[in-house]
Amino acid sequence: MSEKQNTKSAFSVRDIAIAGVCIALTFVATFINLKLPIAANGGLVHLGNVPLFIAAILFGKKTGALAGGIGMGLFDLMGGWTLWAPFTFVIVGLMGYAVGAITEKHKGFRWNLLAMAVACVIKIVGYYIAEVIIYQNWIAPVTSIPGNLVQITVAVVIVLPVVEVLRRAVRSVSFS
């Protein structure tokens with residue numbers, strides 16, 4: 001592999017710093033939550049998807065995957081949801097990667113919305129499968145779907161109007 005190819009795939013100090021801040025923001029925002037009394041597992045609606053989606057849209061798939069997987073995985077470990085941490089690491093890491101992969105290639109409101117809709121599908125399917133594994137039941141996980149939909153919808157409503165303002169601010173800052 002040439003030096004140019006190696007530099008392109010490696011994280012720079014700037015990339016590491018940005019990823020660290022995005023992981024921290026996602027972790028902290030996940031603590032802003034509401035436990036749902038309707039879900040069989042006592043599900044959670046939280047704001048962690050807001051910084052996750054912003055990170056993925058502004059900084060791409062690698063940062064999105066790290067912010068989601070590590071940020072929310074750490075929340076599960078620290079917030080009393082330890083059993084969920086491995087599932088969250090994979091599911092939310094995939095959500096961040098998908099949003100970043102879509103929005104790296106395509107810019108604009110509709111693409112951002114599509115990317116977050118894809119993340120919603122990943123979340124619903126991923127956590128449904130996780131609950132089937134954990135609870136050994138195909139029916140009980142259905143009760144978590146409304147909470148997952150609310151969680152993503154709230155994030156979309158917040159992220160869509162905010163991300164363009166932030167995108168302009170990020171472009172205007174020189175990191176050289």
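Colleague: Before I dig in, what are the ground rules?

Modeller: It's a predicted model, so local features need pLDDT of at least 70 and side-chain atom pairs count only at pLDDT 80 or more, while totals for chains, interfaces and linings use all residues. Residues are numbered from 1 along each chain as its sequence is written, and side-chain values use heavy atoms, with hydrogens and water left out.

Colleague: Where is confidence lowest, and where is it highest?

Modeller: pLDDT is the predictor's confidence in each residue, from 0 to 100. The protein averages 90, and 90% of the residues score at least 70. Helix α1 (residues 3–9) is lowest at a mean of 53, and helix α5 (residues 85–105) is highest at 98. Helices here are DSSP runs (H or I, at least four residues), numbered from the N terminus. Over residues 1–5 the pLDDT is below 50, and beyond near neighbours in sequence that stretch has one contact (heavy atoms within 4.5 Å).

Colleague: How do I read a pocket, and what lines the largest pocket?

Modeller: On a 1 Å grid over the protein atoms alone, a pocket is an open set of points where a 1.4 Å probe fits, with protein on both sides within 12 Å along at least five of seven lines; lining residues have an atom within 4 Å of a point. Points join across faces, edges and corners, and the volume is the space filled by probe spheres set on them. The largest pocket holds about 280 Å³. Its lining has 13 residues, with Asp 15, Phe 59, Gly 60, Thr 63 and Glu 104 nearest the centre. Helices α2 (13–30), α3 (49–59) and α4 (61–78) each give two or more.

Colleague: What classes of residue line the two pockets?

Modeller: Ala, Val, Leu, Ile, Met, Phe, Trp, Tyr, Cys and Pro count as nonpolar, Asp, Glu, Lys and Arg as charged, and the others, Gly among them, as polar. The largest pocket's lining splits into five nonpolar, two polar and six charged.

Colleague: Is Val 50 buried or exposed?

Modeller: Buried means under 20% relative accessible area. Val 50, in helix α3, counts as buried because its relative accessibility is 11%. Not counting residues up to four places away in sequence, Val 50 touches Ala 155, Ile 158 and Val 159.

Conventions: Buried < 20%, exposed > 50% of the residue type's maximum accessible area, 1.4 Å probe, protein only.
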